[in-house]
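Hello,

Here is the structure for you to look over. My notes follow below it.

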Amino acid sequence: MYAAVRRYEGVTDPAEAGRIVDEGFVSIMRQVPGFVAYFWIDAGEGVMVSTSVFRDRAGAEESVERAADFVRDNLAQLLPNPPQVTAGRVVASA
């Protein structure tokens, strides 16, 4: 399995960002080949984190591209700063 984690700082309206992600982006993630799971987390203080899990590296990489497109087209005003992206092979899980 592979995962991609995106950390967004300076989120101006976390509740609205969560609504938009839930109503629009979750279904996009489910369409990526190898999809396992997706989480959108409100970490507080204007920080939100997404975690995408896929069966292979190609799915994780595609998720990063789709996320960038979705943010640009739908969330740019709420997520004004580029995310910190970390991706790699899952080496332990429960």
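**The cavity and its lining**

The largest cavity is lined by R6, Y8, V21, F25, Y38, W40, S50, A67, F70, V71 and L75. A cavity here is a set of points on a 1 Å grid, over the protein atoms alone, where a 1.4 Å probe fits but cannot get out; lining residues have an atom within 4 Å of a point. Elements giving two or more residues to this lining are β1, α1 (14–31), β2 (35–44) and α2 (57–75). Helices (H or I, at least four residues) and strands (E, at least two) are DSSP runs, numbered from the N terminus. The largest share, four residues, comes from α2. By type, the lining has nine nonpolar residues, one polar and one charged. Nonpolar means Ala, Val, Leu, Ile, Met, Phe, Trp, Tyr, Cys or Pro; charged means Asp, Glu, Lys or Arg; the others, Gly among them, are polar. The largest cavity holds about 50 Å³ of space, the volume being that filled by probe spheres set on the points, which are joined across faces, edges and corners.

**R6**

R6 sits in strand β1 (residues 2–9). Its side chain makes a polar contact of 2.9 Å with that of S52. Such a contact is a pair of N or O atoms within 3.5 Å, where one must be able to donate a hydrogen and the other to accept it; residues adjacent in sequence count only if both atoms are side-chain atoms.

**Ground rules**

This is a predicted model: local features need pLDDT of at least 70, side-chain atom pairs count only at pLDDT 80 or more, and totals for chains, interfaces and linings use all residues. Residues are numbered from 1 along each chain as its sequence is written, and side-chain values use heavy atoms, with hydrogens and water left out.

Best wishes

Conventions
On a 1 Å grid over the protein atoms alone, a cavity is a set of points where a 1.4 Å probe fits but cannot get out, and a pocket is an open set with protein on both sides within 12 Å along at least five of seven lines; lining residues have an atom within 4 Å of a point.
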